[in-house]
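Subject: Structure handover

Dear colleague,

Please find the structure below, together with its sequence.

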Amino acid sequence: MPLESRVTDLSLETIVLFVSNMVASRSFYEHTLGLRALAVNPHVTMYSAGHVQLCLLQAAEHGVALQDGPDRSVDITFLVDNFPRCRDGLTARGVQFSRTLEYSIGMTADFYDPDGHWFSLYQPSEAALEWPSGPKLEALASGLPMGHLRPVSPADAAAQGDDLQGHDLADAFIAYVFLFFSDPDVAAGFYGDTLGLDVLEGGPCRRIPTRAPVGVVKYDVGTTMLTTHHVESDDKRFRVATVGTDGVAMAFQVADLTTAAAALSRRGIVFSGRPSESPIGR
């Protein structure tokens, strides 16, 4: 299944992360995580993260106030082909992971950048690759150095070794961006109906329980999957937030900005002022 450059009218090209200290953040993303820098200057740094770019911007320059501690409203998930080795390699580089969870979807663990932006490491199970979203994951992997996906196996869970060189996120890719909602119908109305994103898959989730019949919905945004996750508003056990700071923004690429903005306006989207011009475009 070849990766299409534009599955819907909206293709998620860049995830913007507002940071408090560009020097500290660059050290984390480049030296700790091993991401490749695409562009660097005192005001903006761009990294390759598979088919999606990560863009770091100085929060103070854009009037963004970052909260203290982790922001649990957006989970950016990297898919890797050897979870234990990558986790151990990043741990040796100074990354602090939450406990590793292994269940029907595969293996996963969370970590944070210096400003509390939430990331996850993930390797899918064989069962997960047979779900409707499996071909999308395979398509994303096929165009990258990873080449193909290797599902997690019992041997992976027990893997240990001393040679951790090269086990970073340089060849990983962002497979999911999770957003959390207390009302699944509102989320479906906005992302499915108003934005018009194509649904790849919907179902329950065991890690963060939901009583909604379709508590998790995966949308195809071309370069990755944007996933909405229903959470009970009174359930504090998983420390998931349905409202965060302005510290994360998603930049969708469109063929024509004026036409796309007009179409979305007719669907009820409210834009904050006129389009802005910059060296990267409008």
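Before anything else, one definition is needed: a residue is called buried when its relative accessible area is under 20%, exposed when that value is over 50%, and partly exposed in between. Please also keep in mind throughout that this is a predicted model.

**The chain as a whole**

The chain holds seven helices and 13 strands, and buried residues make up 48% of its 282 residues. Its exposed surface comes to about 13,800 Å², of which carbon and sulfur atoms supply 52%. If you take the contacts between residues at least 6 apart in sequence, 69% of them join residues that are at least 24 apart.

**An open sheet and the helix on it**

Five strands make up an open sheet with mixed pairing, and their order is S2-S3-S4-S1-S13. Its edge strands, each of which pairs on one side only, are S2 (36–40) and S13 (248–253). On average, and with direction ignored, neighbouring strands of this sheet are turned by 25 degrees against each other. Within the sheet, strand S1 (residues 11–19) runs parallel to strand S4 (residues 52–58), and six bridges join the two; in one of these pairings, Val16 has Cys55 of S4 as its bridge partner. Helix H1 (residues 22–32) packs on this sheet, where it touches S1, S2, S3 (44–49) and S4, and its direction makes about 15 degrees with that of S3.

**Glu30 and its partners**

Glu30 has its place in helix H1, and because its relative accessible area is 18%, Glu30 counts as buried. Which residues does Glu30 touch, if those up to four places away in sequence are not counted? They are Leu35, Ala37, Thr45 and Tyr47, and with the side chain of Tyr47 the side chain of Glu30 also makes a polar contact of 2.6 Å.

Glu30 forms a salt bridge with Arg26 as well, with the closest N and O atoms 2.7 Å apart. Both residues lie in helix H1, four residues apart, which is about one turn of the helix. Arg26 has a relative accessibility of 28%, so Arg26 counts as partly exposed.

**Other salt bridges**

In general, side chains of opposite charge can pair when their charged atoms come close. The count of salt bridges comes to seven. One of them joins the side chains of Arg87 and Asp88 at 3.2 Å from N to O, and both of these residues are buried. Another links Arg93 with Asp168, the closest N and O atoms being 3.3 Å apart. Arg93 lies in the loop between helix H2 (83–92) and strand S6 (101–103), whereas Asp168 lies in the loop between helix H5 (154–158) and strand S9 (173–181), so this pair ties together parts that are 75 residues apart in sequence. Arg93 counts as partly exposed because its relative accessibility is 32%, while Asp168, at 17%, counts as buried.

**A covered strand**

Finally, please look at strand S8 (residues 117–124), in which eight of the eight residues are buried. Both of its faces are covered, with His117, Phe119, Leu121 and Gln123 on one side and Trp118, Ser120, Tyr122 and Pro124 on the other. Strand S5 (residues 71–79) pairs with S8 in the parallel sense over six bridges, whereas strand S7 (residues 106–112) pairs with S8 in the antiparallel sense over seven bridges.

Best wishes

Definitions and conventions:
Residues are numbered from 1 along each chain as its sequence is written. This is a predicted model: local features need pLDDT of at least 70, side-chain atom pairs count only at pLDDT 80 or more; totals for chains, interfaces and linings use all residues. Side-chain values use heavy atoms; hydrogens and water are left out. Two strands pair if DSSP finds at least two bridges between them. Axes are lines fitted to C-alpha atoms, for helices over the stretch in contact, and angles run from 0 to 180 degrees between N-to-C directions. Contact means heavy atoms within 4.5 Å. Buried means under 20% relative accessible area, exposed over 50%, partly exposed in between (1.4 Å probe, protein chains only). Accessible areas come from the Shrake-Rupley method with a 1.4 Å probe; for residues, only the protein chains shown count as cover. A polar contact is a pair of N or O atoms within 3.5 Å; within protein, one must be able to donate a hydrogen and the other to accept it, and residues adjacent in sequence count only if both atoms are side-chain atoms. A salt bridge is a side-chain nitrogen of Lys or Arg within 4 Å of a carboxyl oxygen of Asp or Glu.
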